[in-house]
Amino acid sequence: MGDHIRRNMPLFPIGIVKQLTELTARQIRYYEEHGLIMPARSEGNRRLFSFNDVDRLLEIKSLLERGVNLAGIREVFEMKEKGMHGKDPVYKTEPTEGEIHKYLKKELYQAGRFGKTSLIQGELSRFFN
């Protein structure tokens with residue numbers, strides 16, 4: 001069984017999640033009502049939370065403590081989702097050496113445009129032969 005499957009497996013009832021997150025049941029239900037979390041339901045219609053749900057609740061709690069409102073939290077989660085699927089360049093990994101080289105070369109060419117010299121030309125020129 002892979003780690004992804006384990007982390008998404010609904011295991012915890014709301015009582016355990018309350019202890020793990022130090023949130024009230026009402027807060028947890030409120031975040032569910034607003035679509036920030038989506039716990040699974042048992043046959044008896046009881047909420048069952050996964051490790052990922054608990055992590056998400058802890059992240060919600062942390063963002064709220066930093067002053068982010070629910071709309072902002074929703075936006076953060078949407079941006080993360082886009083980044084995970086490769087659609088949003090904001091969440092790319094570290095640039096490769098080739099990408100840095102390409103960027104610096106572009107900056108060097110742009111620095112001397114329109115007859116204006118720039119200090120950046122001297123600094124960047126040492127990277128290119």
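Visitor: Why does Y31 count as buried?
Guide: Y31 has a relative accessibility of 5%. Buried means under 20% relative accessible area, exposed means over 50%, and partly exposed is in between (1.4 Å probe, protein chains only). The value of Y31 is under the cut-off, so Y31 is buried.

Visitor: What makes Y30 partly exposed?
Guide: The relative accessible area of Y30 is 33%. That lies between the cut-offs of 20% and 50%, so Y30 is partly exposed.

Visitor: What kind of model is this, and how are residues numbered?
Guide: It is a predicted model, in which local features need pLDDT of at least 70, side-chain atom pairs count only at pLDDT 80 or more, and totals for chains, interfaces and linings use all residues. Residues are numbered from 1 along each chain as its sequence is written, and side-chain values use heavy atoms, with hydrogens and water left out.

Visitor: How many aromatic pairs does the structure hold?
Guide: There are 2 aromatic pairs. One of them is F12 with F51, with ring centres 5.1 Å apart and planes at 85 degrees.

Visitor: Why is the pair of F12 and F51 called edge-to-face?
Guide: Rings of Phe, Tyr and Trp (its six-membered ring) pair if their centres lie within 6.5 Å; planes under 30 degrees apart count as stacked, over 60 as edge-to-face and the rest as tilted. The distance of 5.1 Å is within the limit and the angle of 85 degrees is over 60, so the pair is edge-to-face.

Visitor: What makes this pair a tie between parts of the chain?
Guide: F12 is in the loop between helix 1 (3–8) and helix 2 (14–21), while F51 is in helix 4 (residues 51–65), so the pair ties together parts that are 39 residues apart in sequence. Helices are DSSP runs of H or I with at least four residues, strands are runs of E with at least two, and both are numbered from the N terminus. F12 is buried at 17% relative accessibility, whereas F51 is partly exposed at 37%.

Visitor: How do you know that Y30 and Y31 are also an edge-to-face pair?
Guide: Their ring centres are 6.1 Å apart and their planes meet at 70 degrees. The distance is within 6.5 Å and the angle is over 60 degrees, so the pair is edge-to-face.

Visitor: Why is D55 with R7 called a salt bridge?
Guide: A salt bridge is a side-chain nitrogen of Lys or Arg within 4 Å of a carboxyl oxygen of Asp or Glu. The N to O distance between the side chains of D55 and R7 is 2.0 Å, so the pair meets that rule. D55 in helix 4 and R7 in helix 1 are 48 residues apart, and the pair links distant parts of the chain. Both are partly exposed: D55 at 38% relative accessibility and R7 at 25%.

Visitor: What makes K80 and E59 a salt bridge?
Guide: Their closest N and O atoms are 2.2 Å apart, which is within 4 Å, so K80 and E59 form a salt bridge. K80 lies in helix 5 and E59 in helix 4, so the pair ties together parts that are 21 residues apart in sequence.

Visitor: How do you know that R41 and E32 form a salt bridge?
Guide: The closest N and O atoms of R41 and E32 are 3.2 Å apart, within the 4 Å limit, so they form one. E32, R41 and R47 are linked in a network of salt bridges. E32 is buried at 19% relative accessibility, and R41 is partly exposed at 38%. The whole structure has 6 salt bridges.

Visitor: Where does the charged end of R56 sit?
Guide: The charged end of R56 sits over the ring of F77, 3.8 Å from its centre. The rule asks for NZ of Lys or CZ of Arg within 6 Å of the ring centre and within 35 degrees of the ring normal.

Visitor: Why does E22 count as exposed?
Guide: The relative accessible area of E22 is 65%, which is over 50%, so E22 is exposed. E22 is in the loop between helix 2 and helix 3. Its phi is near 60 degrees, a positive value in a residue other than glycine. Most residues other than glycine have a negative phi.
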